[in-house]
Amino acid sequence: MAYSHIRFIPYHTPTIYLAGTARQELPAGMLLDYREQQTIFEQFPDLKLAAGLVDREKVLGKKPPIYTVKLSGAPDCLKRVKSDADVFSRLQRTLTALELAVTTLESRKDLKKDGVLNIFAMPEFFFRPPDELGSYSEDMYKAIANVLAATIGPKKALKNWLVIPGTIMWSGLRNDPAGLKKKVMVDHNTALLINGGVEFRGGMTVEKYFPVSTDGMPSNRQGYENLLPKDLAFKGEWITTAEYFKRQDMWGNVNEHIIDFRGVRMGMEICADHGMLKCYPFVTKDIVAQLLVSCGRPLVKSNVCTTDNGYFMRIDGYHGAGLRRDFRKINGYGNKKRETFDRWDASSYAEMSPTTLDLLSKKANPYIEHEIPFEKGHPLYWVPPKDANMKDWAFYRQGITFFEPQAI
């Protein structure tokens with residue numbers, strides 16, 4: 001099926017915060033219990049949940065009773081994710097929010113439109129262990145990826161959806177391309193793209209190349225060798241994905257940042273990678289949309305490179321003030337002399353609507369069609385840690401936003 005429109009549906013929730021200058025991970029919180037699930041889905045009392053990711057009939061446990069999420073996957077992967085309470089909670093919250101989005105869209109006639117590709121995206125770092133090291137082992141990464149892909153992939157209601165469940169922080173042991181017999185531990189920040197159809201059922205991946213201080217990779221590992229958990233125990237060299245690709249002489253494989261899906265060609269970047277597409281002049285094929293999954297990385301107009309009348313989408317997990325979910329239309333390109341300019345040129349920048357000034361003046365984004373807020377007391381509200389800056393935390397509006405579908 002070729003699509004005539006795209007719709008951006010960001011699930012905006014904080015995924016990291018800074019206490020002073022120290023980066024802090026966020027525990028996922030307790031599993032949602034029966035009463036909390038009732039609250040989330042009470043607007044659909046007589047409707048079957050559209051995707052079937054959450055089971056309204058079967059209850060797991062008694063104290064308190066908890067709705068199950070219908071997890072699928074390899075037996076060893078299921079066992080691994082269920083053995084970690086924080087990972088299981090993140091999976092449950094992801095699938096619950098996705099179920100809420102799908103069921104809302106299916107049950108609201110005013111929101112339905114044929115020929116639409118729905119892009120459900122979550123912020124960078126959503127899957128990240130809340131400990132000092134902040135990285136899963138490769139086995140846990142594979143388990144999370146397997147369960148997400150196996151659970152979301154077969155769902156018929158998600159046939160016209162691309163689901164990006166944030167990013168997964170993990171570390172894996174590799175042969176050092178520069179040392180042959182030497183081993184290195186490579187830090188990864190990986191986004192999955194999953195579709196309830198054929199193409200991306202297995203989970204296409206996009207890797208982040210450029211780590212920054214909020215990633216905490218790999219410098220936060222140095223000196224912790226004796227404190228590493230058993231499945232990450234390693235006393236050798238820790239390197240970033242960027243360094244690993246450079247040593248392989250594969251630096252700049254931009255295809256990993258291009259998504260071709262049923263006639264829709266998009267660029268995707270993770271946080272500090274915003275701008276990579278502009279760094280490769282040989283990439284001249286048109287992209288109709290650009291997606292930025294981040295935690296603190298703002299939109300940079302000179303790093304936008306869609307076609308005219310294309311779209312820029314962004315979801316941000318940093319807890320402070322500022323725009324944290326964004327949808328813009330690209331009206332054209334220029335430079336300081338107001339000349340027409342090739343969008344791939346480093347000196348060009350996008351003319352966009354609504355403007356940043358419009359959005360910062362607290363005007364409503366004109367492309368927003370519907371919102372489900374997660375305010376304090378809502379089961380999916382991410383409760384701040386006790387030492388969080390509450391003034392900053394208050395700026396982050398949690399919830400799910402449905403932007404109007406736009407023609408491509």
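Below are legends for a handful of close-up views of this predicted model.

The model is predicted, with local features needing pLDDT of at least 70 and side-chain atom pairs counted only at pLDDT 80 or more, while totals for chains, interfaces and linings use all residues. Numbering starts from 1 along each chain as its sequence is written, and side-chain values use heavy atoms, leaving out hydrogens and water.

**View 1. Helix α2 and its buried face.** Helix α2 covers residues 75-82, and its buried residues are Cys77, Leu78 and Val81. These buried residues fall within an arc of 100° seen down the α2 axis, so they line one face of the helix. The arc is taken from the directions from the helix axis to the C-beta atoms. Pro75, Asp76 and Lys79 are exposed on the other side of α2. Here buried is under 20% relative accessible area, exposed is over 50%, and partly exposed is in between (1.4 Å probe, protein chains only). Helices (H or I, at least four residues) and strands (E, at least two) are DSSP runs, numbered from the N terminus. The packing partners of α2's buried residues are α3 (85-107) and α4 (138-152), with contact meaning heavy atoms within 4.5 Å.

**View 2. The largest pocket.** This one has a volume of about 530 Å³. Of its 19 lining residues, Gly322, Leu323, Arg325, Leu359 and Arg397 lie nearest the centre. A pocket, on a 1 Å grid over the protein atoms alone, is an open set of points where a 1.4 Å probe fits, with protein on both sides within 12 Å along at least five of seven lines; lining residues have an atom within 4 Å of a point. Grid points are joined across faces, edges and corners, and the volume is the space filled by probe spheres set on them.

**View 3. The Arg325–Glu371 salt bridge.** The side chains of Arg325 and Glu371 meet at 2.5 Å, N to O. Arg325 sits in strand β17 and Glu371 in strand β19, so the pair ties together parts 46 residues apart in sequence. Arg325 is buried at 15% relative accessible area, while Glu371 is partly exposed at 28%. A salt bridge is a side-chain nitrogen of Lys or Arg within 4 Å of a carboxyl oxygen of Asp or Glu.

**View 4. Arg314 with Asp316.** The closest N and O atoms of this salt bridge are 2.6 Å apart. Arg314 is buried at 3% relative accessibility, and Asp316 is buried at 0%.
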